[in-house]
Each structure stands twice: as C-alpha cells, then as structure tokens.
Amino acid sequence: MAGGKLALRLANSGTSPAHFALYSYAGEFPTPKHVDVQGEHVEELPGDYELAVQGPNRFWFQLGGSAAGRAAGVDVASRPDARTGGLALELRNAGRDGITLRLRALGYAPGEKREVRLPVGGAQTVEWPTDQGWYDVEVTAAQDRTFRRRITGRVENGAAGVTG
C-alpha cells in the first residue's frame, strides 16, 4: 500500500510472457483486465479493494482489504521454494502497527495452520506444504478484519505432468 493505493505486483521470471487476468469485485475497473507479463508489471488500485488474479497453471490470488485497515502495509508474496521444491510465502509489514497473520490451509494440507507475528518493518518467509506441488492457503490479520489473501495453484517444477 502506497499513497492510499494498493500496488499489485505481477512477476514472471520465465523466458516467455505469462498471461494474467484481474477480476474486480469492488469496482476497481469495469471489466476484467488482461496483462501479459515478462519480468514485472505493477497495477495501482484504489484504497479499498476486493479482487482476484488468475495466472498460469490455475494460479489464483484473491486480495481484500482497506487503506484504512491496520494491515494496510502488509505484503504477501508467493514463490517456489528452490530448497524444498514447495511453496514459500514471503510476509512483510511496512505498516504502522505490529500485525499477527494467521495462515491456514484451505486445501491440500489438511489442518495446517500457522500464526506469524510481524513487527513494524518485520519480514518472514514461511515454507508452506504442498501436495505434489498443489497448495491453497488463506492469510488473514488478527487486527484487521478487512485483510484477506488466498493463494492457490501449483508450484512448477519442470517435471512432466500426469493427467487422467
């Protein structure tokens, strides 16, 4: 969150562009927005937001919150964890208050829950379990009922997929 707006950063480190579709649920834009990303693309959105981002391989990222909320300065990013082959969640707090984030599996890791306390300026990377690369995790803030992130998809590992 910067200047009362959400800075949504879409990144793709691949050699070909990746397609993302942004869906607005709170009027951020009138129709779905489509962007092809190679490297990085930033979208600025209004202070109160509720939207979803669809990306490659069934990646889905839901975001909800408010510029006036105590978790307005919290950033949640996901990336493959090269060490474990799973998912890493990078959590940062650039806000004005310390925040307690609650992480819970909505699928693929039944019963998995974590609580992460981030002081002002704090950051933590959390290794998140996957089921053959698949994940579905929700992040909420104890001090801000408007703040919610849901990240679901599959970690790419370059191996041949199985269909059936």
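This is a short tour of a predicted model, moving from a sheet to a pocket and then to some aromatic rings.

**Stop 1**

Now keep strand 8 (residues 87-93) together with strand 11: six bridges join them in the antiparallel sense. To find your place in this pairing, show Ala 88 and look across to Glu 127 in strand 11, which stands opposite.

**Stop 1: a hairpin and its neighbour**

Next, select strand 5 (residues 48-54). On one side, strand 5 pairs with strand 2 in the antiparallel sense over four bridges; here Leu 51 in strand 5 is the bridge partner of Ser 24. Strand 5 also pairs with strand 6, again in the antiparallel sense, over seven bridges. Pick Asp 48 and you will see Ser 66 of strand 6 opposite.

Strands 5 and 6 form a hairpin with five residues between them. Click on Asn 57 in the turn, where phi is positive, at about 50 degrees.

**Stop 2: the largest pocket**

To centre your view, select Arg 9, Ala 11, Phe 59, Ser 78 and Arg 79, the closest to the pocket centre of the 37 residues in the lining. Strand 1 (6-12), strand 2 (18-24), strand 6 (60-66), strand 7, strand 8 and strand 13 (144-154) each supply at least two lining residues. Colour the lining by residue class and you get 23 nonpolar, six polar and eight charged residues.

**Stop 3: aromatic pairs**

The model has three aromatic pairs. One of them joins Phe 59 and Phe 61: their centres are 6.3 Å apart and their planes 35 degrees, a tilted arrangement.

Tyr 108 sits in the loop between strand 9 (99-107) and strand 10 (113-118), while Trp 134 belongs to strand 12 (residues 134-141), so the pair ties together parts 26 residues apart in sequence. Finish on Tyr 108, which is partly exposed at 39% relative accessibility.

Technical notes
Residues numbered from 1 in each chain as written. Predicted model: local features only at pLDDT ≥ 70, side-chain atom pairs only at ≥ 80, totals over all residues. Heavy atoms only, no water. Pairing = 2+ DSSP bridges. 1 Å grid on protein atoms, 1.4 Å probe; cavity = no way out; pocket = protein on both sides within 12 Å on 5 of 7 lines; lining within 4 Å. Nonpolar A, V, L, I, M, F, W, Y, C, P; charged D, E, K, R; others polar. Phe/Tyr/Trp six-rings, centres within 6.5 Å; stacked < 30°, edge-to-face > 60°. Buried < 20%, exposed > 50% of the residue type's maximum accessible area, 1.4 Å probe, protein only.
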